[in-house]
Amino acid sequence: RDVASLISAANTTLCGGAQDFVYSTDAFYLVYVSPTNPQGYTAKSLAAYGTVQAIRETIHTGTIPTLTQGNHTGPLPMTVNFQVSSLEEVRKRATWDTARSSAGVQGVAGTSCSDTVGAVPQLMRFLNESVD
């Protein structure tokens, strides 16, 4: 096949058909499907979330501002980086409730509940950006 045919096939594979959905599988590999945006949120309303800005900064690292937050001065992303042995460790965080999420942040930061926000400059920035 020529290059144009390969590009056309790739475009059809990536951009053809229904794309406005998310899916998951269970332990039996049964596929569960839902519309991507059933509430109809606009791009503008989603952009106001700190989560969206944090992901955008992770993709475009040149957009991470240099700030002073507590004892930290320098580039300050709104993400918490940690080392994992598998992608499953990252994925399972989406299933955590607030108590488990709090314990997870404390584990990454090496803090207890009362001092986590002050000890994790990224968390403080995320909170500040999310409530503005």
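Accessible areas here come from the Shrake-Rupley method with a 1.4 Å probe. On that basis, the chain of this predicted model exposes about 10000 Å². Carbon and sulfur atoms supply 60% of that area.

Figure 1. Along the sequence they follow the pattern α-β-β-α-α-β-β-α-α-α-α. The C-alpha trace spans about 60 × 40 × 35 Å along its principal axes. The radius of gyration is 19 Å, whereas a compact globule of 132 residues would have one near 14 Å. Buried residues account for 13% of the 132 residues. Take the contacts between residues at least 6 apart in sequence: 34% of them join residues at least 24 apart.

**Figure 2. Charged side chains across the chain.** The chain carries 8 positive and 10 negative side chains. The centres of the two sets lie 2 Å apart.

**Figure 3. Helix α1 and the glycine that follows.** Helix α1 covers residues 3–15, which is 13 residues. Its end C-alpha atoms are 18 Å apart. That agrees with expectation, because 13 residues at 1.5 Å a residue should span 18 Å. In an α-helix, residues three or four places apart point the same way, because there are 3.6 residues a turn. Just after α1 comes G17, with a positive phi of about 75°.

**Figure 4. Y29, between two strands.** Y29 sits in the loop that links β1 (21–25) to β2. Y29 is not a glycine, yet it has a positive phi of about 70°. Most residues other than glycine have a negative phi. Is Y29 buried or exposed? Y29 counts as exposed, because its relative accessibility is 67% and the cut-off for exposed is over 50%.

**Figure 5. S34 in strand β2.** Strand β2 runs over residues 31–35 and includes S34. With a relative accessible area of 31%, S34 is partly exposed. Which residues does S34 touch, not counting those up to four places away in sequence? They are D20, F21 and V22. H60 is 26 residues from S34 along the chain. The C-alpha atoms of S34 and H60 are separated by 29 Å.

**Figure 6. T79, a buried loop residue.** T79 lies between β4 (72–75) and α4 (87–91), in the loop that joins them. T79 counts as buried, because its relative accessibility is 18% and the cut-off for buried is under 20%. What does T79 contact, leaving aside its neighbours within four places in sequence? Its partners are A54, T58 and Q122.

**Figure 7. V105 on helix α5.** Helix α5 spans residues 98–109, and V105 is part of it. The relative accessible area of V105 is 26%, so this residue is partly exposed. Leaving aside neighbours within four places in sequence, V105 is in contact with T116 and L123. A47 is 58 residues away from V105 in sequence. From C-alpha to C-alpha, V105 and A47 are 24 Å apart.

How values were computed:
Residues numbered from 1 in each chain as written. Predicted model: local features only at pLDDT ≥ 70, side-chain atom pairs only at ≥ 80, totals over all residues. Heavy atoms only, no water. Helix = DSSP H or I, 4+ residues; strand = E, 2+ residues; numbered from the N terminus. Rg over C-alpha atoms; globule rule 2.2 N^0.38 Å. Buried < 20%, exposed > 50% of the residue type's maximum accessible area, 1.4 Å probe, protein only. Contact = heavy atoms within 4.5 Å. Lys, Arg positive; Asp, Glu negative; His and termini not counted. Charge placed at Lys NZ, Arg CZ, Asp CG, Glu CD. Expected span 1.5 Å × (residues − 1).
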